[in-house]
Amino acid sequence: GFHDTQYSYFCTGFLVNNVREDGKPYFQSANHCISTNTMATTLITYFNYENSSCSNSDASQLQTLSGATLKATNNYSDFSLLLLNEFPPAAYLPYFAGWDVSSRNPKNGSCIHHPSGTPKCIALDQTAPKNYPNSLEWTDENNVVTNTTVGNTHWNVIFNDGGIESGSSGSPLFDDNQRTIGQLHGGSATNTYFGKSSVSWNRNLGTDQQLNYWLDPDNTGTLALDGTYILVKPQASFSTALTRVCIGASRSEEHTS
């Protein structure tokens, strides 16, 4: 959630991994949601806001963080990259999403989102998302055109199960390798358009309008990266018999207790 000093809004976003895999809390969403640093400072992020089952309504809003800094944004692929002011606590089990910016054609797609600010939902496209070759006009609530994006900057995704609503904007589109390839710009409930991560990556050379500079800070040329639970440490769960060794004894004379 965030506000523009007059109104409050809900959008969806996600933690995103970087090539150093150092847990830096980059948060990706849509440009038409947050496009200024002033708005970024008002951001409240909710973690694990989901029901325990389809039949329960027990989602908790207690796991939150406040504030962020805008690092990069552009409106032709409709992305914004923010840096949260705080590292998510390990208790939140934060997952840093992986990504693929190689222009690979995905086999299918899935979207995790919060329609109208409700608990987590999932929409599934069992066919392949398609490159959209034409321009798109984007309008506000008064049907006034606010932005026109050119062809080949968006994925066209037609969901077989589930659908988007207001509040879903900025949600990640995962490919068949569970890597993000874009974030939701808009569309109808099931006929949707996602700004391509491959376009956001380095189409614009300005560091404040691309993902590359921030997510691959050492310029390694990496084009695909898996997601990870960076801050979650493994729990040791093993034991061994206690051994007592007598100094100077031969190996056969060791005793156990």
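Let us start with a pair of residues in neighbouring strands: the bridge partner of Asn131 in strand E15 is Trp155. Strands (E, at least two residues) and helices (H or I, at least four residues) are DSSP runs, numbered from the N terminus. E15 covers residues 154-158, and strand E12, residues 130-132, pairs with E15 in the antiparallel sense over three bridges. Two strands are said to pair if DSSP finds at least two bridges between them. Strand E18 (residues 191-196) also pairs with E15 in the antiparallel sense, this time over five bridges. Here Trp155 stands opposite Phe194 in E18.

Before going on, a word about the model: it is predicted, so local features need a pLDDT of at least 70, side-chain atom pairs count only at pLDDT 80 or more, and totals for chains, interfaces and linings use all residues. Residues are numbered from 1 along each chain as its sequence is written, and side-chain values use heavy atoms, with hydrogens and water left out.

Now back to E15. Is this strand mostly covered or mostly open? Four of the five residues of E15 are buried, so the strand is mostly covered. Buried means under 20% relative accessible area, exposed means over 50%, and partly exposed lies in between (1.4 Å probe, protein chains only).

If you follow the chain onward from E15, you come to Gly167, in the loop between E15 and strand E16 (172-174). Gly167 counts as buried because its relative accessibility is 4%. Which residues does Gly167 touch, not counting those up to four places away in sequence? They are Phe10, Cys11, Thr12, His114, Ser116 and Gly117, where a contact means heavy atoms within 4.5 Å. Thr118 is 49 residues from Gly167 along the chain, and their C-alpha atoms are separated by 8.4 Å.

Phe10 turns up again on the surface, where Phe10, Ile44 and Tyr46 form a nonpolar patch with about 270 Å² of accessible area together. Patches are made of residues with over 30% relative accessible area and no salt bridge; like charges are joined within 9 Å, and nonpolar side chains (Val, Leu, Ile, Met, Phe, Trp, Tyr) within 5 Å. A salt bridge is a side-chain nitrogen of Lys or Arg within 4 Å of a carboxyl oxygen of Asp or Glu. Accessible areas come from the Shrake-Rupley method with a 1.4 Å probe, and for residues only the protein chains shown count as cover. Tyr46 lies in strand E5 (residues 44-46) and counts as partly exposed because its relative accessibility is 33%.

Asp78 is not a glycine, yet has a positive phi of about 60°. Asp78 sits in the loop between strand E7 (68-74) and strand E8 (79-84), and counts as buried because its relative accessibility is 1%. Asn219, also a residue other than glycine, has a positive phi near 55°. Asn219 is in the loop between helix H3 (212-215) and strand E19 (224-225), and counts as exposed because its relative accessibility is 59%.

Finally, step back to the whole chain. The chain has three helices and 21 strands, and 42% of its 257 residues count as buried. The average pLDDT, the predictor's confidence in each residue from 0 to 100, is 89 for the chain. Over residues 253-257, pLDDT stays under 50. Where pLDDT is low, the predicted coordinates should not be read in detail.
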